[in-house]
Amino acid sequence: MEALLSRYRNLTVLLVVVVAQLIYLAYQVKTNGDERLIRVWAVTAVTPMAGIVEVTRRNTIGFLEDYFILLDVREQNRRLHADNDRLRMENIYYRNQLSTAVNARALTAFQQETPSRTIAARVIGNSTVATAKAVFIDRGFTSGIKKGMPVVTAEGVVGKVSAAYPLVSQVLLVTDPTFKVGVESQKGHIHGVLNCGTGQCAIEQIQNEDKVSTGEWFYTSGEDRIFPRGFPVGTVVSAQPGQGMKDVRLNLSGAPGGVEEVLVVQEGVHQQIPTAPPSVDESSTAMLPPPPPESKGAEIQSPKGQTQADQIMQKYGILGQEQKHVYGGYGSNLPNFNAKPEGQPLPGGENKAQSPSSPAAAQAPAKAAAPPDRPAVLGARPSAPVPHAVVPSAPARPSPTLPLGAPRRRPAQTQQ
Amino acid sequence: MNETSDLLLKRPIRQSWFSRFQVIALAALTLVAIVGKFYLPRLIPHTEWLELPLLLTIYFGLMKHSQISSLFFGAFVGLAEDSLSPANLPIGMYGITKTLVGYFAASVSLRFNVESVVIRLILSFFFYFFHAFFYWIMRRALLGQMVPFDPQETFVHGALNSAVAIPLFLILDRMKLSSTH
């Protein structure tokens, strides 16, 4: 026996080492226990370099990337400046509502909007196993991270926390072959299981009879007990009948492989599946509708061409064209500014510009060659009312206040 | 036997390679390789295919010519990698695989002239493929994880790692030579 062992000493040692590791491996699988101490030591020894590596990466690779896409950055910068100016204007009206949404990133906005309690984290490292899709984030259980917590971004799901260490956590990405996510379609509320193990993400367990269309959004269904219901997952790339089950391919919206900043959902809250697809474009800014015209601030900050002066100018321009009057032209006839422009809806400021305070003046004949009650030149001091040549014979009756643009009643022709 | 077979089958010239090689430098390189696998994809995108710990294990096995030392080195590297692997993979998967790689690399070095560039290229490719395939087999057989295996992708990654292995081995050779002077 001794001679046999000495003869096959190398092979014996190999067998002993391999069998020892196999037994240890079987013990872990049998007890379903994570060898926490070894992993904590290893991760704690490796991760302190994360800050240095991140700084190095941003100052080297990031600098080179910025250099080569400098034109894009400039263009983006101009666009952002323009957006910023526009948003500042909007902010006058909706300061409280837009203050966070305009200036914060999409992730922060999403974090504030979502009912789930989340904590932001940054990806600092990858896993050592090439075939396993996992990353490390810079938040550990000292920040309240626990194993099994879902990890998302504003665009979609990323993964789940597979291990939490003191200062870092390991996130198993949804693209890992062993990861499954329960999903639900937006339109038909068809349930399925997301599986990205084959290299391309597919939704399994959907019957051929179920209707799934290309471009349809899928959301988390909450059935996997990991992700709360209502987080966007991705859009359908192709949906074809298969053998037994429908072959549905999905394009993930979250891009878990290239994500750099994530949100760890500490307390998930189930949400309804939204009826409208989520907005995933970070560059576009959601513009709220313009402010109501009754607002006092709206008169101050109304868009170009919509002020009272602009409306008067517009009205006089139309009148001048209709009566062939050239403003500033030598020998041109004096136009009738009290006439109503034909075929043009009166601007909103007509009442203030045209109708005088007296209701009788509103009933004056349209064709009467009377001077305007208001100065034609903006900024000119209004002159005293000139005695009109045509005086209504009937006593002035108070007329009801008409809405803007409503047709006025013409004076009766028999009175002339 | 012709000249080519003589060249390939002759015993290596330097038997006492490891005694001259700086053990500390090798240990540091191994740690850098393992930690580099953790950080390198963050620094340089699309480098997940690079298996520096495996290449070091192969190099150690080829140059050490000792099966026992090589298998222990492979086990150490593999277990260190396992400790940084996802929590759903138990510790020992890479340990077993790299133990076998180290043992077989040392076994091969007893038969072939492993200082030949062609031999190194072929062996690096072979051991990468063996490493990936055996790891996949273990995941399926021992853990029951139905993970896909893409031979084409493995082939490409093996070729890339072999291409990296040649200059890397030459640099390690230079380190060894410089330490002799």
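Predicted model: local features only at pLDDT ≥ 70, side-chain atom pairs only at ≥ 80, totals over all residues.
1. **Overall make-up.** Start with the secondary structure. Chain A contains twelve helices and twelve strands. Chain B has eight helices and zero strands. Its pattern along the sequence reads α-α-α-α-α-α-α-α.

2. Chain A has 416 residues, and 26% of them are buried. Chain B has 181 residues, and 44% of them count as buried. Now take contacts between residues at least 6 apart in sequence. In chain A, 59% of these join residues at least 24 apart. In chain B, the corresponding share is 70%.

3. **One barrel in chain A.** Trace the strands in the order E1-E2-E5-E4-E3-E12 of chain A. They form a closed barrel of six strands, with antiparallel pairing. From one strand to the next, the twist averages 45°. Look at E1(A) and strand E2 (residues 134-137) of chain A as an example. They run antiparallel and are joined by three bridges. Within this pair, Val123(A) has Ile137(A) in E2(A) as its bridge partner.

4. **Another barrel in chain A.** Here the strand order is E6-E7-E8-E11-E10-E9 of chain A. This too is a closed barrel of six strands with antiparallel pairing. Its neighbouring strands are turned by 45° against each other on average, direction ignored.

5. **The hairpin of E6(A) and E7(A).** Strand E6 (residues 180-185) and strand E7 (residues 191-195) of chain A run antiparallel, with five bridges between them. Val181(A) has Leu194(A) in E7(A) as its bridge partner. Five residues lie between the strands of this hairpin. His189(A) takes a positive phi there, near 55°.

6. **The hairpin of E7(A) and E8(A).** Continue from E7(A) to strand E8 (residues 202-204) of chain A. Three bridges join these antiparallel strands. Asn195(A) stands opposite Ala202(A) in E8(A). This hairpin has six residues between its strands. In it, Gly199(A) has a positive phi near 95°.

7. **E9(A) with E10(A).** Strand E9 (residues 217-220) and strand E10 (residues 232-240) belong to chain A, run antiparallel and share three bridges. Pick out Phe218(A) to find the pairing. Its bridge partner in E10(A) is Gly234(A).

8. **A helix to check in chain A.** Helix H10 (residues 308-322) of chain A has 15 residues. From its first C-alpha to its last it reaches 21 Å, close to the 21 Å expected at 1.5 Å a residue. After H10(A) comes Lys324(A), whose phi is positive, near 55°.

9. **Where the chains meet.** Contact between the chains involves 41 residues of chain A and 36 residues of chain B. On the chain A side, several elements each supply at least two residues. They are helix H2 (9-31), helix H3 (36-46), helix H4 (50-59), strand E1 (117-126), strand E4 (157-164) and strand E5 (169-173) of chain A. H2(A) gives the largest share, eleven residues. By class, the side of chain A that touches chain B has 22 nonpolar, 15 polar and four charged residues.

10. **A helix pair in chain B.** Compare the directions of helix H4 (residues 52-64) of chain B and H5(B). Their axes come within 9 Å and cross at roughly 170°. Angles over 145 degrees count as roughly antiparallel, and H4(B) and H5(B) are therefore roughly antiparallel to each other. Which residues of H4(B) meet H5(B)? They are Pro53(B), Leu56(B), Thr57(B), Phe60(B), Gly61(B) and Lys64(B). In H5(B), they meet Ser69(B), Ser70(B), Phe73(B), Gly74(B), Val77(B) and Glu81(B). This contact has five nonpolar, five polar and two charged residues.

11. **Phe76(B) in the same helix H5(B).** Phe76(B) sits in helix H5 (residues 67-83) of chain B. How many other C-beta atoms lie within 10 Å of Phe76(B)? There are 19. A residue needs 20 or more to be buried, so Phe76(B) is partly exposed. Thr30(B) is 46 residues away from Phe76(B) along the chain, yet their C-alpha atoms are separated by 9.8 Å.

How values were computed:
Residues numbered from 1 in each chain as written. Chains lettered and ligands numbered in written order. Pairing = 2+ DSSP bridges. Helix = DSSP H or I, 4+ residues; strand = E, 2+ residues; numbered from the N terminus. Axes fitted to C-alpha atoms, helices over the stretch in contact; angles between N-to-C directions. Buried ≥ 20, exposed ≤ 12 C-beta atoms within 10 Å, placed from the backbone. Contact = placed C-beta atoms within 7 Å. Nonpolar A, V, L, I, M, F, W, Y, C, P; charged D, E, K, R; others polar. Expected span 1.5 Å × (residues − 1). Parallel < 35°, antiparallel > 145°, perpendicular 65-115°, else oblique.
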